[in-house]
Amino acid sequence: MSEKTYVGKNVPKLDAREKACGQAVYAADLQLPGMLYGKIVRCWDHAHARVLKLDLSDAAKVPGVVKVLAPKDVTQKNYNTGVLDLMVPEEMGQLLGDIEDQRIFTDHVRHQGDAICGIIAESEEIAEIAAGKVKVLYEPLPVYLSAEESARPDAFQFDERKPGNRAFQLPEQMFPGNAYGWGDVDVEMAKADLVVEETFYLPKVKQCQMEPHAYVAHYDQTGRLNCWTSTQMPKCVQPKLARLFELPISRVNLISTTIGGGFGGRLGMVFEPETCAMALAVPGRPVKVQSTREEDWIASESRHPGKYWIKLGVKKDGTPVAVDAHFTSNAGAYFSHSSGVPFTTGGWLTGMYKYGAIRYKGDTYYTNQAPSGAFRGYGNPQTNFALEQIVDRACTELNIDPVEWRKKWHKGVGDDGWCIGVPYSSCALDECLERGAEAIGWKEKRARYANQSGSKRRGVGVGVMTHTSGAMPMLLEHTTCTVKMNEDASVVITLSCSDLGQGSHTVLKQIAADTLGMPMDEIHILVNMDAAGFDIGSHASRTTYVGGGAVIKACEDVKRQLIERAAIRLGVPEEDLEIKDRQVFAKHDRDKRLSVMEICHTGVYNFTNPENGETNGVPGQITGYASHFPGHNSPPFGACFAEVEVDIETGEVKVIELVIAHDIGRAINPMAVEGQLQGGAHQALGMTLTEETCYTEAGLCRNNSFTDYKMLGPTDMPKMTTILVEQPDPIAPFGMKSVGEAGPVNPVGATANAISHALGIMFTEAPITPERILQALSEQKVA
Amino acid sequence: MKTKIMTLCVNGRDHRFEAPVNRTLLQALRDDLKLTETKYGCGTGECGGCTVLMDGKESICSCLTLAVEAEGRHITTVGGMTRDGELHPIQIAFIEEGAIQCGYCTPGMIMKTASILANNPHPSEDEIREGLEGNICRCTGYEKIVLAVQRASQMLDNSQIQKSGGMGQ
Ligand code: FES
Ligand code: FES
């Protein structure tokens with residue numbers, strides 16, 4: 001319709017202006033009339049204990065306290081904060097077993113920060129004071145911080161439904177031998193000329209979204225439970241809350257607040273259950289729960305730490321004959337994402353290279369750390385640290401260039417992706433590798449840094465990755481979208497996709513504008529959970545791919561109706577009509593035309609002539625609708641190159657440069673894509689070099705603050721070059737593939753490989769801290 | 001807790017309110033004055049989310065400053081950066097460079113930028129990065145924020161705002 005197109009342009013984010021003015025409303029900014037303040041009282045002194053006695057009497061007496069809530073005062077139903085139960089078919093759900101193991105308030109503290117009771121007061125200060133007056137008598141229980149400890153036969157059993165404290169392993173019924181892969185690994189491995197084997201350790205990394213978790217809930221006079229939340233998955237949290245509090249979904253209203261960073265940390269529920277339980281205890285008054293940073297840290301989920309054993313067999317020429325791998329991860333205190341992460345961790349592994357045979361096992365064990373859950377990349381950064389390093393080790397031993405090896409052995413079009421049976425629809429990894437290598441000066445630097453002396457050693461490394469665009473077919477993929485045409489032909493699009501800050505609403509609007517041929521500023525995106533239909537949520541790098549697909553379909557539905565109506569009015573067959581410049585034209589007779597505005601207007605303002613009973617055009621407001629289930633997952637690939645400088649006297653690593661070449665298919669908004677890669681790299685470098693949540697022997701968190709948990713700052717970040725490789729995917733809407741989750745993946749492998757190029761030492765433990773480097777250097781000297 | 005009647009001058013307007021004497025400036029802004037544009041990220045001076053400008057030049061963590069200490073000073077929050085509905089060049093630069101993702105760090109980043117540029121109108125890239133240390137962004141990897149500060153510095157060069165001395169007051 002209009003000349004202007006938006007796809008491919010650097011359109012600033014829709015909400016950037018209100019964010020720049022400080023007017024975006026995050027949950028903690030809400031002020032509602034009559035609002036009360038809730039405090040979740042947590043156990044700070046124990047990581048594992050039984051509550052023998054809970055005395056709330058002094059707390060209840062504090063003036064201004066409205067209510068105190070013991071475990072028995074709230075629902076006794078169990079729940080799981082994750083949403084995997086909603087995402088898989090029932091048969092698969094049964095294989096996972098009973099995974100609802102959390103309570104709103106518990107008398108069995110399973111990690112430091114577990115919630116034991118709640119206080120509702122007139123102000124935050126009063127709630128705080130009252131929380132200090134709660135008296136608890138604990139019986140300490142044994143504390144386990146690793147899978148090895150909790151798997152011991154004599155260990156305390158967390159959950160009788162999960163013997164041996166194993167929360168999950170790939171189920172035999174779906175994965176014979178509890179393994180994912182193909183071929184006979186033992187037979188193929190025996191054919192290898194070289195076998196490299198290593199155990200890698202992955203740290204417990206925190207999402208550290210800048211907005212600490214905060215919620216408001218209000219059980220209102222109409223009997224509806226309203227919850228203001230920054231969840232990434234409103235349409236999953238809604239039914240979960242409905243089930244937990246035994247209400248129909250129509251009586252649970254979710255209001256999405258601006259999301260101050262997600263990164264998986266807001267997948268499913270966080271503290272919505274506690275906040276809603278408090279609101280239900282004081283009907284008619286809203287309750288706000290604002291967590292402190294320390295609380296957010298110890299009580300909410302993180303990336304899965306664990307042990308990643310991997311064995312790679314190769315022929316002299318580099319042919320990867322077999323891979324055997326086992327990721328044993330630390331679930332922390334509750335089940336949460338215990339089934340999803342160990343599976344996908346293997347998916348990213350199987351999807352990457354053309355191994356002759358592969359056998360991957362993944363399991364999770366309960367411990368007394370804070371629960372592990374979803375974090376951007378969902379197992380992929382863990383796999384990247386192990387796989388990309390073991391590949392480089394093999395390349396070094398065989399004297400093969402790591403870039404050339406990857407070019408030769410990465411999977412591509414027609415090969416199975418992360419899900420066996422779903423082949424890659426496109427692959428631009430070769431171009432990513434070539435352009436990335438060129439940009440960093442790979443050949444020349446690889447040679448130059450081969451022999452160095454002096455205290456500062458440079459190295460360059462490469463890491464590749466593949467990911468997914470939505471989780472079809474493993475998980476439910478479904479997004480609905482409604483496009484309503486106003487009488488002046490302006491547009492309101494209703495959907496329930498979340499925007500975490502990555503700009504998904506902006507991108508969806510760009511897609512809508514181009515599909516409809518309308519200017520962006522005449523389109524409004526409405527995110528309203530009562531009005532919008534289903535969307536599985538903003539996760540698995542799916543919103544542009546699946547949400548975009550839904551938007552396109554709903555817009556096409558509108559166009560079809562416009563043409564249908566114009567055909568009647570103009571007396572021209574539908575197939576002879578087209579829409580351009582906001583007019584419906586007869587292709588062969590440009591004078592036969594009708595404006596979109598007129599069709600929309602007469603649909604709404606439709607009158608019947610009393611004399612002949614005829615109407616002025618077709619009656620009815622035009623609304624397009626789509627309930628979209630994508631047929632594929634168009635995985636993206638990527639190649640990252642890192643150059644580092646290691647000071648062998650201090651052990652410090654300075655990342656000099658990162659080149660990130662990403663197979664985006666088609667960049668709907670290049671500036672937003674770059675932002676995802678750059679921000680993702682920050683998280684990847686943190687995991688590789690500095691970030692880890694640590695515990696004392698008693699299981700108490702040692703670093704729940706930004707001083708003690710070191711993220712890279714602006715001066716630590718390297719020069720970053722992003723290369724968007726655009727080879728449109730043949731089946732994706734507009735040819736687009738995903739980027740969000742890919743960001744924190746392969747800078748991990750590239751940086752680790754650069755360090756080992758600089759020092760000739762492979763580091764198996766992340767983060768690769770100065771202490772670990774100095775330790776390894778001193779061992780090397782001794783050897 | 002003893003309370004006190006305090007007066008805070010925020011974005012050129014005086015606000016009188018009564019609050020406990022140990023009120024932090026951040027709490028006073030958010031809870032007493034209902035100016036929620038300044039963000040809580042840690043409460044301990046480690047994230048910079050609560051950064052505001054004092055007397056037009058100095059950036060401070062409002063979570064580490066007592067409200068009583070801020071009496072008699074000019075406080076500027078990001079809400080005071082726009083003039084007559086016109087965005088400040090720093091705000092424009094952040095928007096156009098794509099320096100804003102989730103936006104939670106943005107109010108603090110913009111105020112930190114105002115302070116950097118008020119003290120050094122033409123900072124080098126290293127000076128910008130050093131100046132931004134202490135303000136954490138978990139979304140952008142800082143790359144586009146640095147670009148935004150550079151762009152803002154250029155934009156301010158040509159604007160009147162700088163001549164009038166100080167920013168955002
Ligand atoms: S809230 Fe003040 S520095 Fe984090
Ligand atoms: S934009 Fe999200 S923390 Fe900076």
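Student: A:Pro767 lies in the loop between α20 (746–759) and α21 (770–782) of chain A. Which residue does a cis peptide bond join to A:Pro767?

Tutor: This is a predicted model, in which local features need pLDDT of at least 70 and side-chain atom pairs count only at pLDDT 80 or more, while totals for chains, interfaces and linings use all residues. Residues are numbered from 1 along each chain as its sequence is written, chains are lettered from A and ligands numbered from 1 in the order in which they are written, and side-chain values use heavy atoms, leaving out hydrogens and water. Helices (H or I, at least four residues) and strands (E, at least two) are DSSP runs numbered from the N terminus. With omega at about 0 degrees, the cis bond to A:Pro767 comes from A:Ala766.

Student: Where does A:Pro473 lie?

Tutor: The peptide bond that leads from A:Met472 to A:Pro473 is cis as well, its omega being near 0 degrees. A:Pro473 belongs to the loop between β17 (456–466) and β18 (479–485) of chain A.

Student: Is A:Ala489 buried or exposed?

Tutor: A:Ala489, in the loop between β18 and β19 (491–495) of chain A, has a positive phi of about 75 degrees although it is not a glycine. Buried means under 20% relative accessible area, exposed over 50% and partly exposed in between, with a 1.4 Å probe and protein chains only. Because its relative accessibility is 3%, A:Ala489 counts as buried.

Student: What is the relative accessible area of A:Asp581?

Tutor: A:Asp581 also has a positive phi without being a glycine, here of about 50 degrees, and is found in the loop between β21 and β22 of chain A. A:Asp581 is described as partly exposed, its relative accessible area being 36%.

Student: In what order do the three strands of the open sheet run?

Tutor: Two strands pair if DSSP finds at least two bridges between them, and β22 (residues 583–586) and β23 of chain A have four, in the antiparallel sense. The edge strands, each pairing on one side only, are β21 (577–580) and β23 (589–595) of chain A. The pairing in this sheet of chain A is antiparallel, and the order is β21-β22-β23.

Student: At about what angle does helix α17 of chain A run to β21(A)?

Tutor: Axes are lines fitted to C-alpha atoms, for helices over the stretch in contact (heavy atoms within 4.5 Å), and angles run from 0 to 180 degrees between N-to-C directions. Helix α18 (residues 596–604) of chain A packs on the sheet, touching β21, β22 and β23, and its direction makes about 40 degrees with that of β23(A). Helix α17 (residues 543–570) lies across those strands of chain A, and its angle to β21(A) is about 120 degrees.

Student: How are the rings of A:Phe156 and A:Phe158 arranged?

Tutor: Rings of Phe, Tyr and Trp (its six-membered ring) pair if their centres lie within 6.5 Å, and planes under 30 degrees apart count as stacked, over 60 as edge-to-face and the rest as tilted. The structure holds 18 aromatic pairs over all chains, and ring pairs link A:Tyr144, A:Phe156, A:Phe158 and A:Tyr366 into a cluster. The centres of A:Phe156 and A:Phe158 are 6.2 Å apart and their planes stand at 85 degrees, so the pair is edge-to-face.

Student: What percentage of the 783 residues in chain A is buried?

Tutor: Chain A has 21 helices and 27 strands, and its C-alpha trace spans about 105 × 70 × 50 Å along the principal axes. Buried residues of chain A make up 65%.
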